[in-house]
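Please look at the sequence and the 3D structure shown below, and keep both at hand while you read this briefing.

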Amino acid sequence: MLDTATPAAGGVTAPRAAGTSFGELRLDGVTREFGGIVALAGLTMTVGRGEFITLLGPSGCGKSTALNCIAGLLSLTAGSIWLDDRRIDVLRPEQRGFGMVFQNYALFPHMSVRRNVGFGLAMRRTPREEIRRRVDQVLDLVQLAAHAEKLPGQLSGGQQQRVAIARAIVVQPPLVLMDEPLSNLDAKLRLEMRTELKRIHRELGRSTIYVTHDQDEALSLADRVVMLQEGHVQQIAAPEEIYARPANLDVARFMGYRNLLALDVVRREGGWAVVGGPGIALRGLCQGEVGRRAAVAIRPDDLTLDGGGEDGIAGRVETVEYCGRDYLVDLVTEGGVTLHARSLQRVAPGDVLRCHADPERVLVYPEAPGDAGA
Amino acid sequence: MRAVAKGGALGMGTAGIDRTVLLVVPGALFVILLFVYPFLYGLFLSFAPKQGDLLANYTKFFSTPYLSETIATTLWIALPATLINVGVALPIAFRLRRSTSMQRILTGLLVVPITLGTVLVAEGLLTYLGPQGWFSRILMAAGIVETPVHLTHNYWGVLLSLVITGFPFAFLLILSYITGIDPVLAQAAATLGASPAQRFRHVFLPLLAPGLAIAFCLAFVQAFSVFPSAVLLGAPAGPTRVISIAAYQAAFEDYDYSMASAIAMIMGAVQLAIVVVVLAMRGVSYRGPAGGAKG
């Protein structure tokens, strides 16, 4: 019933076969260059049925490029995209039948909410009564039934956002693509919409690829996170893993490991390493083959001023910020490196203290950090 | 209005009178002196005929076929010219909506006929399109026609000249409207399954309709007041005796300024009627911002 009106191109079957019953989407070495500059370098990944994938990375990392390549809005410089055993990167966007939510929503300003949402169905020549029924259904799902006859300009940002989502999912696409859909909303609404997206995904079970630069969003929504940097995949992993075990120092930095230290390796004990420096003695988990020098990454949340023990890092308190639950403390080590730590007790600037970290949460990387402690 | 609100907010006014309103005065004076006064003068003059009653000029115009037919003659030239200009400019501007070197080259080329002015274009066309001109000779050399084609001193000469001078104007205007439409809207339509033709029909055209109406009105008013090319390239005694020629003859051959004013008023009324009809149709369509979001 779906996508039946979409014409086939040059011997390739129309997305009819795709329907809702595809097994997996496969990207094979997807590469895109803009005037000789590589925006996306050989992205290879698979998206399983019903899976929620986020493409995460700083701006300019190629995540939107990847999404536009999948949607068909950008052609590939190299590589291929497959829906099960059908090659789809040769299809035009209107032949792929994917639903897409744009960053600025891209609602048709001259059409009512109802006509916006029904647009995809109308293009598929769905009978009018059925369009009406399905649009009503999806407007109920996004809680906009009361606004069906309004123009997009009469809606708030959050409502426009939900119209955009409704418009993308009403055609029951095999894959939903979202390009930073929450970035234009204020912080409170963003949290609400995040929960909303999660609910819609749970209710419909559509495979989704979601682009964001916000790590909280990526971690809370995704089944798997694809971490991109400068066009290259850094890591593909479950949110828990990408949070606790970043594949390399760049990912660690992006994931909030703000304390990065270049230290000497004192000794290694299996998967563990004891590292040290001026006033510093730490035990941590090796991430790869560690030599004599190592880069150590610790989150501020895992570096506490509470508890005792001989190891840890000694430093002089520089600034103290009260955060409600605890204090965020900046302290400077003997070696002149600034560290960010947490403390449940109030401390005063000038105090010389020792901070500690659970060895499980201290990640020891082989390479040297470019800007340790910066 | 805006100046009032702004000045008020700045607290520059004294006792309810906002001095920023005074900024309007030079502009208002300019309009009154150069438009409103001549218009009203002409209007009153048209009701003070050389002989006869108040409406003598108007009754004379509409009871003399030689005069009243100029309305139809002018419309017969101006409407096709406007339709051609807008109709041809639309697809070309649409194809060139993305900023490319082709777009820049073409817009640059099209500005030239505007800057040259109608008289120069008409003089050029006179020799180029004349029976002994290149155009005719090329056609004969190619064996397409056997006798010289007559494209000057008739209807076609005027129409061609109006297209050549009016097209760039319509094109540039429509291009600016098209580039104002967020291209992401077309991308969104594509991902929803709309073919290029459907994207044009359902997304671009409705958003473009108000702009097209404006472009049509401006192009039409320009074409309706055709004078130089109707005289130089047309047959001003017959087929291209447009209404402005009738007004010119009344004023400078019969020295009947009153009659000339009446003809000018009729000319204005016809233009206004067409513009009102087109803008009324525009009122039916959507007229908000052509972007995707609230900014």
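Domain bounds come from an automatic or database domain assignment. On that basis, chain A is divided into domain 1, covering residues 24-244, and domain 2, covering residues 259-365, and 40 Å separate the centres of the two domains of chain A when they are taken over C-alpha atoms. This is a predicted model, in which local features need a pLDDT of at least 70 and side-chain atom pairs count only at pLDDT 80 or more, while totals for chains, interfaces and linings use all residues. Residues are numbered from 1 along each chain as its sequence is written, and chains are lettered from A and ligands numbered from 1 in the order in which they are written.

**Confidence in chain A**

- The predictor's confidence in each residue is called pLDDT and runs from 0 to 100; chain A averages 86, and 91% of its residues score at least 70.
- Over residues 1-19 of chain A the pLDDT stays under 50, and the model has 40 contacts beyond four places in sequence for this stretch, where two residues are in contact if their C-beta atoms, placed from the backbone, lie within 7 Å.
- Residues 369-374 of chain A also have a pLDDT below 50, and this stretch has 13 contacts in the model beyond near neighbours in sequence.
- Where pLDDT is low, the predicted coordinates should not be read in detail.

**Chain A as a whole**

- Chain A has 9 helices and 20 strands, which are DSSP runs numbered from the N terminus (helices are H or I with at least four residues, strands are E with at least two).
- Taken along the principal axes, the C-alpha atoms of chain A fill a box of roughly 75 × 45 × 35 Å.
- Of the 374 residues of chain A, 43% count as buried; a residue is buried if 20 or more other C-beta atoms lie within 10 Å of its own, exposed if 12 or fewer, and partly exposed in between, with C-beta atoms placed from the backbone.
- Among contacts in chain A with a separation of 6 or more, 67% are between residues 24 or more positions apart.

**An open sheet in chain A**

- Four strands of chain A form an open sheet in the order β2-β1-β4-β5 with antiparallel pairing, and two strands are said to pair if DSSP finds at least two bridges between them.
- The edge strands are β2 (37-48) and β5 (86-87) of chain A, each of which pairs on one side only.
- Strand β1 (residues 24-34) of chain A pairs with β2(A) over 8 bridges, and A:L27 stands opposite A:M45 in β2(A).
- β1(A) also pairs with β4(A) in the antiparallel sense, over 5 bridges, and the bridge partner of A:D28 in β4(A) is A:S80.
- Antiparallel strands β4(A) and β5(A) are joined by 2 bridges, and A:W82 stands opposite A:R87 in β5(A).
- β4(A) and β5(A) form a hairpin with 2 residues between them, and A:D84 in the turn has a positive phi of about 55 degrees.
- Helix α1 (residues 63-71) of chain A lies across β1, β2 and β4 (78-83) of chain A and runs at about 65 degrees to β2(A); axes are lines fitted to C-alpha atoms, for helices over the stretch in contact, and angles run from 0 to 180 degrees between N-to-C directions.

**Chain B and its helices**

- Chain B has 13 helices and 0 strands.
- The radius of gyration of chain B is 24 Å, well over the 19 Å that the globule rule gives for 295 residues, so chain B is more spread out than a compact globule; this radius is taken over C-alpha atoms, and the rule is 2.2 Å times the number of residues to the power 0.38.
- The C-alpha trace of chain B spans about 70 × 60 × 30 Å along its principal axes, and buried residues make up 34% of the 295 residues in chain B.
- B:G268 lies in helix α13 (residues 257-284) of chain B and is partly exposed, with 16 other C-beta atoms within 10 Å.

**Where the chains touch**

- The contact takes 22 residues from chain B and 27 residues from chain A, and α9(B) gives the most to the side of chain B that touches chain A, with 6 residues.
- In helix α9 (residues 183-191) of chain B, the buried residues include B:L185, B:Q187 and B:T191.
- The buried residues of α9(B) pack against α1, α2 (93-96) and β6 (99-101) of chain A, together with α10 (196-224) of chain B.
- Just after α9(B), B:G193 takes a positive phi of about 100 degrees.
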